[in-house]
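Subject: Structure handover and findings

Hi,

Here is the structure I promised to pass on. My notes follow below it.

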Amino acid sequence: MPKILLADDMTNFLDLEISFLRRADCEIVTTQDGAQALKLAKLEKPDVILLDVEMPRMTGIEACRILKKDPTTKNIPVIIVTATSRKDEAEKAGCDDFWQKPISEITFMAGLKRFVEIVEREDRRVAI
């Protein structure tokens, strides 16, 4: 089962990403802090990391740069998911993809499946 690290300081966006993954067989780890994302990446060894740019203590771009220079985390795909237009800066930091907010569930899941194999369960229908 893949492990996904979601880092965003906006609770409502973390909740949205989690809702996108509601039918996916995966483990989700979350944080609202860039520095904590680094710690969790080393501790949890996720299969993919999604970082917002603007976060407390460390931006997602700074975190990405450090992750990509560290031999223990450099091969983990990092996706920057942000409302900012700092794509060039994110790519120079080594991100594997750059997604602009707002993002739809279909786009989110299709993009994620480029980096990690995710099986989506069918939601059960409620009997009427």
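Which residues of α3 are buried? They are Gly60, Ile61, Ala63, Cys64, Leu67 and Lys68. These residues cover an arc of only 160° around the axis, so they sit on the same side of α3. The arc is that of the directions from the helix axis to the C-beta atoms. Buried means under 20% relative accessible area, exposed over 50%, and partly exposed in between (1.4 Å probe, protein chains only). The cover over the buried residues of α3 includes α2, β3, β4 and α4. Contact here means heavy atoms within 4.5 Å. Helices (H or I, at least four residues) and strands (E, at least two) are DSSP runs, numbered from the N terminus.

Some ground rules. This is a predicted model, where local features need pLDDT of at least 70, side-chain atom pairs count only at pLDDT 80 or more, and totals for chains, interfaces and linings use all residues. Residues are numbered from 1 along each chain as its sequence is written, and side-chain values use heavy atoms, with hydrogens and water left out.

Strand β4 spans residues 78-82. It is mostly covered, with five of its five residues buried. Val78, Ile80 and Thr82 point one way from the strand. Ile79 and Val81 point the other way.

Two strands pair if DSSP finds at least two bridges between them. β3 (residues 48-51) runs parallel to β4, and three bridges join them. In this pairing, isoleucine 49 stands opposite valine 78. The chain gets from β3 to β4 through helix α3 (residues 60-69), in a right-handed β-α-β crossover. Right-handed means that, with the strands pointing away from the viewer, the path from the first strand over the helix to the second runs clockwise.

β5 (residues 97-100) also pairs with β4 in the parallel sense, over four bridges. β4, helix α4 (residues 87-93) and β5 make up a right-handed β-α-β unit.

Helix α2 and its ends

Helix α2 covers residues 34-44. Its buried residues are Gly34, Ala35, Ala37, Leu38, Leu40 and Ala41. Among the elements that cover them are β1 (3-7), β2 (27-31), β3 and α3.

At the start of α2, a side-chain oxygen of aspartate 33 comes to within 2.8 Å of the backbone nitrogen of alanine 35. A polar contact is a pair of N or O atoms within 3.5 Å; within protein, one must be able to donate a hydrogen and the other to accept it, and residues adjacent in sequence count only if both atoms are side-chain atoms.

Threonine 31 belongs to strand β2. Its relative accessibility is 8%, so threonine 31 counts as buried. The side chain of threonine 31 reaches the backbone nitrogen of aspartate 33 at 3.4 Å. Leaving out residues up to four places away in sequence, threonine 31 touches Leu5, Leu6, Ala7, Asp8, Leu14, Gln36, Ala37 and Leu40.

Backbone points to check

Lysine 45 lies in the loop between α2 and β3. It has a positive phi of about 50° although it is not a glycine. Lysine 45 is exposed, at 56% relative accessible area.

Arginine 57 is in the loop between β3 and α3. Its phi is near 65°, a positive value in a residue other than glycine. Arginine 57 is exposed too, with a relative accessible area of 61%.

A cis peptide bond joins lysine 101 and proline 102, with omega at about -5°. Proline 102 is in the loop between β5 and α5 (105-113).

Cysteines

Cysteine 64 is buried, at 1% relative accessibility. Cysteine 26 is also buried, at 13%.

Leucine 112

Leucine 112 sits in helix α5. It is buried, with a relative accessible area of 0%. Not counting residues up to four places away in sequence, leucine 112 touches Ile4, Leu21, Val48, Leu50, Ile79, Trp99 and Ile118.

Best regards
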